[in-house]
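Reader: I am new to protein structures and would like to learn how to read one step by step. Could you take me through it, feature by feature?

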Amino acid sequence: MVWKYGIAAADGGLLNRFLGLFGMAPKNWFLTTMPMMLIIIVYTLWSDIGYNVILFTAAIEGVPKEFEEAALIDGAGPMKCFLKIKLPLMGRTFAFVSIMTMANYFQMFAQFRVFAANGGKDNAVMVLTNYIYKTSFSSYDMGYASAIAAALFVIVFGIAMIQNRMMRADWSYE
């Protein structure tokens, strides 16, 4: 709601005030197509960054210190230690974060429902989850909505399996 009424609001929103500093007229972002999608994308990335930072911080801390100490004794600098030791050993975290992020983004509902409940102008920000909701609870076509939801499951599952295969990480430090 802070983003909808505080940042992207047509009258007095932070985004319009910032553009006003450059002499641009205020815009009603909810009546646009591509800028509305960009606002939702930026909001989503902003809201997810904290969780991912915690995961990556824990991954960096979870790398055994012996590897870094051995590399420092061999003459590697801090940057080389990070790039050649810590980053490769964080493969499990990269795999987990990418699969979970992809699955969450395919199932995003709340962001689009708050910003553009009816899909925005010309359905520019209508995503599959909102389409399922609209089909089932506005059109009362539960069968079709269930079929779309099943297709969404198959898509997410398939992409997760492909990602899992491509991002196979070594699950041991030995």
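**Reading a model, from residue to chain**

Author: Let us begin with a single residue, remembering throughout that this is a predicted model. K27 is partly exposed, with a relative accessible area of 38%, and its place is in the loop between α2 (14-20) and α3.

Reader: How should I picture the whole chain, and how many helices and strands does it have?

Author: The secondary structure gives the outline, and here the protein chain comes to 9 helices and 0 strands, so that along the sequence the pattern reads α-α-α-α-α-α-α-α-α. For the overall dimensions, the C-alpha atoms fill a box of roughly 65 × 50 × 20 Å, taken along the principal axes. The radius of gyration of the protein chain is 22 Å, whereas a compact globule of 174 residues would have one near 16 Å.

Reader: What share of the residues is buried, and what do the contacts join?

Author: Burial is judged by relative accessible area, with buried meaning under 20%, and by that cut-off buried residues make up 28% of the 174 residues in the protein chain. Among contacts between residues at least 6 apart in sequence, 54% join residues at least 24 apart. The protein chain exposes about 11400 Å², of which carbon and sulfur atoms supply 68%.

Reader: Is T93, to take one example, buried or exposed?

Author: T93 counts as buried because its relative accessible area is 17%, and the cut-off for buried is under 20%. The place of T93 is in helix α6 (residues 91-106), and, not counting residues up to four places away in sequence, T93 touches L55, F56 and A59.

Reader: And where does K84 lie, and is K84 buried or exposed?

Author: K84 lies in helix α5 (residues 78-89) and is exposed, with a relative accessible area of 60%; the cut-off for exposed is over 50%.

Reader: How many aromatic pairs does the structure hold, and what is an example?

Author: The structure holds 7 aromatic pairs. Among them, Y133 and F137 form a tilted pair, with 5.1 Å centre to centre and 55 degrees between the planes. Both Y133 and F137 lie in helix α8 (residues 128-138), 4 residues apart, which is about one turn of the helix. Y133 is partly exposed, with a relative accessible area of 30%, and F137 is also partly exposed, with 47%.

A stacked pair is formed by F153 and F157, with 5.9 Å centre to centre and 20 degrees between the planes. F153 and F157 lie in helix α9 (residues 142-166), again 4 residues apart and about one turn of the helix. F153 counts as exposed at 56% relative accessibility, whereas F157 counts as partly exposed at 45%.

Reader: What should I look for in the backbone angles?

Author: Most residues other than glycine have a negative phi. Y140, although it is not a glycine, has a positive phi of about 55 degrees. Y140 lies in the loop between α8 and α9 and is exposed, with a relative accessible area of 64%.

Reader: Finally, how are the charges arranged?

Author: One simple way is to compare mean positions, and those of the 13 positive and 11 negative charges of the protein chain are 11 Å apart.

Notes: Residues numbered from 1 in each chain as written. Predicted model: local features only at pLDDT ≥ 70, side-chain atom pairs only at ≥ 80, totals over all residues. Heavy atoms only, no water. Helix = DSSP H or I, 4+ residues; strand = E, 2+ residues; numbered from the N terminus. Rg over C-alpha atoms; globule rule 2.2 N^0.38 Å. Buried < 20%, exposed > 50% of the residue type's maximum accessible area, 1.4 Å probe, protein only. Contact = heavy atoms within 4.5 Å. Areas by Shrake-Rupley, 256 points an atom, 1.4 Å probe, with all protein chains shown as cover. Lys, Arg positive; Asp, Glu negative; His and termini not counted. Charge placed at Lys NZ, Arg CZ, Asp CG, Glu CD. Phe/Tyr/Trp six-rings, centres within 6.5 Å; stacked < 30°, edge-to-face > 60°.
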